[in-house]
Amino acid sequence: MNEQNLIKFNKLFPWFAGLSGDLLFWAAIDTLFLTVVKNFNTSQIVSLTSISLITCILLQIPLLNIIKKIGNTKSVRLGSLLLLISSILLTLGTNYIIVVIGKILYEVAFTFQNMINVVLKNNLELQNRENEYIKLRTSANTIYAIATMIISFVASFMFSINNYLPMIGCITFCFVCFVLSFNMIDYSNNNCIKSKIYKENKDKLKKINYSKIVLFIIISYGLFYPIVNSGQSNGKLFIQQELLKNFNVEKTALIIGLILCISRIVRVISNISFNKIHKKYKDKVEFLLPFLLSLSLCLMVGGYLISFSIILKIFVMSLGYIIILFIRDPFKVYLQDLALKKAEKEQHQSLLTTLELSRKIVRAIISLSFTVILVNNPMIIVITILIILSIVEIFISLYLYRMIQES
């Protein structure tokens, strides 16, 4: 192991993790691209997410076995390669089946890509800097937040020049990240857990038993993020519906665009400031962030109920939406760090995979349930259900906080 290699890793990690956090540009123009360029209808577009998500859930065990066999370093490279292939298929796919394969590879890629967090933890421990996990992970999220904020400003303009221009940008970023992935090396002896301890701990590999605290981390993570994802997507639609009752389409689009721009800026501020917030409040963020999630949803409902002022109504609802963007990245960083601290080395690969699996399962259940509910019910019902789920999350977080204090 070379100390210079670890220093190089520390410098490049935030850029790699930040720029590979999603398919940049794709998220900004995905529905527009699929509608205008691919000529897909609404049903086809919605089904893409459902099919890819369910397929990825079913593949979790085989994917975890591959990760254990090839190790963290090669998993990160494979994840980057799959993202690159996915971006090409989504861009150049000439029919629905090819685009579906692209979306499936997109979901699968992040299962492998997620091992970068294990790589970071292992390399920091080699340098006796394990407490800097949140600092470096937050730096990566800040780069991602700034990149997506800038892209949100220019993507539509690029699309109007040439429909394929944003996707060319997407492929370019994926290629850069694939090149950077060859510097994302796990220098520890835990790169490939299975080969290291197979002979001496064969039975333990067959069945990993998580501790009670780790199980509650999985539950908390699995519930929090689907609420955030649904609150963000349905919350935007909720605000849009209220705007359309009072303004024309052009003015509604302008106001929604302003709200989204402000929320992106707030997301950047959140990532920049979270390291200081965590140092001040430490494990209290475990229940403070779920409390803010519940507050954000309550603000949306509270704003919806305001009838005497449209300006105040939209302001309060928008404030709730912006809070969701403020809390989503910090909670992920904190719980991943906590999970890696509380689990054994040989559990890290399966643990991060299980965290994402729990999120995807709950997200799929919530998505399908809300699709059925919205057929005959207004959006206020969905937001109210999310408030109830967020209160459940608060109690889970409080119980987890108590276990952390006692451990």
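These legends describe close-up views of one predicted model.

Local features need pLDDT of at least 70 and side-chain atom pairs count only at pLDDT 80 or more, while totals for chains, interfaces and linings use all residues. Residues are numbered from 1 along each chain as its sequence is written, and side-chain values use heavy atoms, with hydrogens and water left out.

**View 1. Helix α7 and its bend at Val-154.** Helix α7 covers residues 133-161. Helices are DSSP runs (H or I, at least four residues), numbered from the N terminus. The 29 residues of α7 should span 42 Å at 1.5 Å a residue, and its end C-alpha atoms lie 41 Å apart, in agreement. The expected span is 1.5 Å times one less than the number of residues. At Val-154, α7 bends by about 40°. That angle is taken between axes fitted to the seven residues ending there and the seven starting there.

**View 2. A nonpolar surface patch.** Ile-146, Ile-150, Phe-153 and Val-154 make a patch of about 310 Å². Patch residues have over 30% relative accessible area and no salt bridge; like charges are joined within 9 Å, nonpolar side chains (Val, Leu, Ile, Met, Phe, Trp, Tyr) within 5 Å. Areas come from the Shrake-Rupley method with a 1.4 Å probe; for residues, only the protein chains shown count as cover. Ile-150 sits in α7 and is partly exposed, at 45% relative accessible area. Buried means under 20%, exposed over 50%, and partly exposed in between (1.4 Å probe, protein chains only).

**View 3. The salt bridge of Asp-337 and Lys-121.** The closest N and O atoms are 2.7 Å apart. This pair links distant parts of the chain: Asp-337 is in helix α14 (residues 310-342), Lys-121 in helix α6 (residues 116-126), 216 residues apart. Asp-337 is buried, at 4% relative accessible area. Lys-121 is buried too, at 2%. Lys-121, Asp-337 and Lys-341 are linked in a network of salt bridges. A salt bridge is a side-chain nitrogen of Lys or Arg within 4 Å of a carboxyl oxygen of Asp or Glu. By this rule the count is seven.

**View 4. The salt bridge of Asp-329 and Arg-267.** Their closest N and O atoms are 2.8 Å apart. Asp-329 lies in α14 and Arg-267 in helix α12 (residues 249-281), so the pair ties together parts 62 residues apart in sequence. Asp-329 is buried at 8% relative accessibility. Arg-267 is buried at 6%.

**View 5. The salt bridge of Glu-242 and Lys-245.** The two side chains meet at 3.0 Å, N to O. Glu-242 is buried, with 4% relative accessibility. Lys-245 is exposed, at 58%.

Note on methods:
Helix = DSSP H or I, 4+ residues; strand = E, 2+ residues; numbered from the N terminus.
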